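Visitor: I would like to learn how to read a model of this kind, feature by feature. Could we go through one together?

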Amino acid sequence: MKKHKFTCPSCSKTYEIKTYNTGTNDVMELFCDYCGATLNLDLYDRRVLELDKKYREYSKEYFAEIESILNPCECGGRFRFDAPPRCKFCRAVVDLEEIKRQINWWGSKDGRPGLIMSRSAPASKAWRKIAKRDKSA
Ligand SMILES: [Zn+2]
Ligand SMILES: [Zn+2]
């Protein structure tokens, strides 16, 4: 995890953001579509592995199904794979290129580092509890 100074182009506040490598940490990254919190899902989580088996490859449906079995963020927003990064103060969407420029990131053109703009959402609360079938009936 690396720390960087970042200045929001919308509200001009300067604060610390963190980057990390999603690959070496074996996680998927989603952002809350309202507050911009980062949620990391373990690639070896049982539910993720089940969906890997069902879909065999990453597709729109695969990502949509994961999103559909997640709890909402504490702020009431939803975690989405395609939600953009947001400023933690003004909640404005921040252009990824602007982030890369400010943190001096030189990865592949279409790639990006894992990003924590505001906070990490606890993965332990991420998954919706699925009611067990009542066996007594
Ligand atoms: Zn801002
Ligand atoms: Zn949120």
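This is a predicted model: local features need pLDDT of at least 70, side-chain atom pairs count only at pLDDT 80 or more; totals for chains, interfaces and linings use all residues.

Visitor: Which residues is Arg91 in contact with, leaving aside its neighbours within four places in sequence?

Guide: With those neighbours set aside, Arg91 is in contact with Cys35, Gly36 and Arg86. Distance in the chain and distance in space can also be read side by side: Arg91 and Ser118 are 27 residues apart in sequence, while their C-alpha atoms are 9.9 Å apart in space.

Visitor: Turning to the sheet, in what order do the three strands stand?

Guide: For a sheet, one reads the order of the strands and then the sense of their pairing. Here the order is β1-β2-β6 in an open sheet, and the pairing is antiparallel. Because β1 (2-7) and β6 (114-116) each have a single partner strand, they stand at the edges, and one side of each is left without a neighbour in the sheet. On average, neighbouring strands of this sheet are turned by 35 degrees against each other, direction ignored.

Visitor: How many bridges join β1 and β2, and how many join β2 and β6?

Guide: The antiparallel pairing of β1 with β2 runs over six bridges, with His4 bridged to Ile17 in β2. These two strands form a hairpin with six residues between them, and Ser12 in the turn has a positive phi of about 65 degrees. Strand β2 (residues 14-20) pairs with β6 over three bridges, again in the antiparallel sense, and the bridge partner of Thr19 in β6 is Leu115. On this sheet packs helix α4 (residues 96-103), which touches β1, β2 and β6 and whose direction makes about 115 degrees with that of β1.

Visitor: How many residues of helix α2 are buried?

Guide: In general, an α-helix has 3.6 residues a turn, so residues three or four places apart point the same way. Helix α2 (residues 46-55) is hardly covered, since the count of buried residues among its 10 residues is zero. After α2 comes Arg56, whose phi is positive, near 65 degrees.

Note on methods. Residues are numbered from 1 along each chain as its sequence is written. Chains are lettered from A and ligands numbered from 1 in the order in which they are written. Two strands pair if DSSP finds at least two bridges between them. Helices (H or I, at least four residues) and strands (E, at least two) are DSSP runs, numbered from the N terminus. Axes are lines fitted to C-alpha atoms, for helices over the stretch in contact, and angles run from 0 to 180 degrees between N-to-C directions. Two residues are in contact if their C-beta atoms, placed from the backbone, lie within 7 Å. A residue is buried if 20 or more other C-beta atoms lie within 10 Å of its own, exposed if 12 or fewer, and partly exposed in between; C-beta atoms are placed from the backbone.
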